[in-house]
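User: I would like to learn how to read strands, pockets and salt bridges in a model. Please take me through one.

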Amino acid sequence: MNPHRPGRTALAPALLTVTALLALAACGTSGADSGSGAASTVTVRIPDPGNSGVLAVGKRDGSLDKALGKAGAKAEWTGSAGPFAPAAQAMNADQLDFATGSITSGVTSLAQRPGFKFFTAVDPDATGEGILVRDGSGIDSVADLVGRKVAVNQGGTGEYLLLKALAKAGIPAGDVDRVYLRPDQTAAVFNAGKVDAWAVWATYAVAEIGSGKAHFVADGAAIGSDNYSLNAVRTGFAEKHPEVVKALYAYLHDASARQKKNPAAYLNVFTDVGPTAVTGKAAEVQTEIIAKGGTVDPIGPEDIERFEAVAAFYAEQKVTKEQVDVAAHLLDVEKLT
C-alpha cells in the first residue's frame, strides 16, 4: 500500500451502496442483463486484456471465469483494452460492462453524463508514470520544459501529469506547448524529436525506458501525482448483478496481490515474441514497477479526498468547466449484496 494511505476504514456516507444507485434512463437492457431464470449465466463484457496483467492470466487459465462462475457469471472478451475515454463511452452506450482507467481520465469522462461507477482503487504509480525525455535532450528539470513541446493525451493522465508538474514548479501552464496526441501514436513522434517530452504512464513508458534512450525527468512521486488506477462498472449492470461485481472485485484484489509478489508471471502471458511481448530491459523495468505498485482495493474515504483533489485541480486548470462530483459516482464494493 501507498505509505501516504492509512489503513482502509469505513466508507464515507457519500460513497454509494448499490441500493442507493440512481437508475439511469439511458441504460438499456443488454445480453448481460436480460437473462431469465435462476439458471441463466450472466455475461460480463470486458475489454480483451492483451498479453499481460491479471485479466490476461485469468483469460488464459480460466481462473476469472471460475471466480465469476460462483456468482453465476462468465466473461465475454470484446474489443481491446486501451484509453478509458472510449471505454467509458462504450459503457454509456451499453456496449461494455467493465473497464479500467485512471482517476484523471475518469474525471473528464464523469463530466459527460456517465453511465458507470468506479468500484476499486489502486494507489498512484510513483515510479511508472511521469515526464519522459530522451537521453541527452538537455532537459534536466521541469523548469527546462519552458518553451518546449510536450506530448499529452488531452484530458487524461498525460495532461494531468504535465499540469501538476508545472504547478508544483511554479511554472504557468501557458509557458509550455502542450501537443495533444493519442498515446498509441506518440512514441514515433517522440522518438523522431518532433516533441521534446512526453507526459506518460507505464503502459507506454516501459518500452521507452527499456530502450535505454529515455528517462523520466520527473516521476509520479516527484510530481506528487494523485493519479489512481480505477475499475469501473456499467451502472445498469451493477444494479442488476451486484453479486457479480463483488466476485469480480474479489478476483482482481487477490490476483493483484499475487502479481505484486511475482510480477514476471504476469508478463508475456500468451506470447513472448512480437510487438506485445515485453523483453530485455523493458521487462526488468516493468517487473520493478509492478513490485512497487499497489493492489486492487475498495475505495476508502482517504481515496475520495484525493479523487476530489484531482477534480478540483482539473477545474482550476480549466480542463473541465466545473469541478466534477466524483463521490456521486462511486460504489462501496464491500456492501454489495
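User: Which residue in S8 does Gly130 stand opposite?

Analyst: Some ground rules come before the answer. This is a predicted model, in which local features need pLDDT of at least 70 and side-chain atom pairs count only at pLDDT 80 or more, while totals for chains, interfaces and linings use all residues. Residues are numbered from 1 along each chain as its sequence is written, and side-chain values use heavy atoms, with hydrogens and water left out. Gly130 stands opposite Val200 in S8. Strand S5 (residues 130–134) and strand S8 (residues 197–200) run antiparallel and are joined by four bridges. Strands (E, at least two residues) and helices (H or I, at least four) are DSSP runs numbered from the N terminus, and two strands pair if DSSP finds at least two bridges between them.

User: In what order do the five strands of the open sheet come?

Analyst: In a regular strand the side chains alternate between the two faces of the sheet. Here the order is S7-S6-S8-S5-S9, with mixed pairing. Strand S7 (177–180) and strand S9 (214–219) are at the edges with a single partner strand each, so one side of each has no neighbour in the sheet. From one strand to the next the twist averages 30 degrees (axes are lines fitted to C-alpha atoms, for helices over the stretch in contact, and angles run from 0 to 180 degrees between N-to-C directions).

User: How many bridges pair strand S6 with S7?

Analyst: Strand S6 (residues 149–152) pairs with S7 in the parallel sense over four bridges, and Val150 stands opposite Arg178 in S7. S6 also runs parallel to S8, joined to S8 by two bridges, with Ala151 opposite Trp198. S6, helix H5 (residues 157–168) and S7 make a right-handed β-α-β unit; right-handed means that, with the strands pointing away from the viewer, the path from the first strand over the helix to the second runs clockwise.

User: Which strands form the open sheet of three?

Analyst: That sheet has the order S3-S10-S4 and antiparallel pairing. S3 and strand S10 (residues 229–234) pair over five bridges, and Phe98 has Val233 as its bridge partner in S10.

User: Which residues meet in a salt bridge of 2.7 Å, N to O?

Analyst: Side chains of opposite charge can pair when their charged atoms come close. The cut-off is a side-chain nitrogen of Lys or Arg within 4 Å of a carboxyl oxygen of Asp or Glu. The structure holds 11 salt bridges, and one joins Arg45 and Asp94 at 2.7 Å. Arg45 is in strand S1 (residues 42–47) and Asp94 in the loop between helix H3 (84–92) and strand S3 (98–102), so the pair ties together parts 49 residues apart in sequence.

User: What volume does the second largest pocket have?

Analyst: Rolling a probe the size of a water molecule over the atoms shows where empty space is left. The second largest pocket has a volume of about 180 Å³. A pocket is an open set of points on a 1 Å grid over the protein atoms alone, where a 1.4 Å probe fits, with protein on both sides within 12 Å along at least five of seven lines; lining residues have an atom within 4 Å of a point. The volume is the space filled by probe spheres set on the points, which are joined across faces, edges and corners. Helix H11 (residues 280–292) gives the most to the lining, with six residues. Thr127, Ile209 and Phe216 are among the lining residues.
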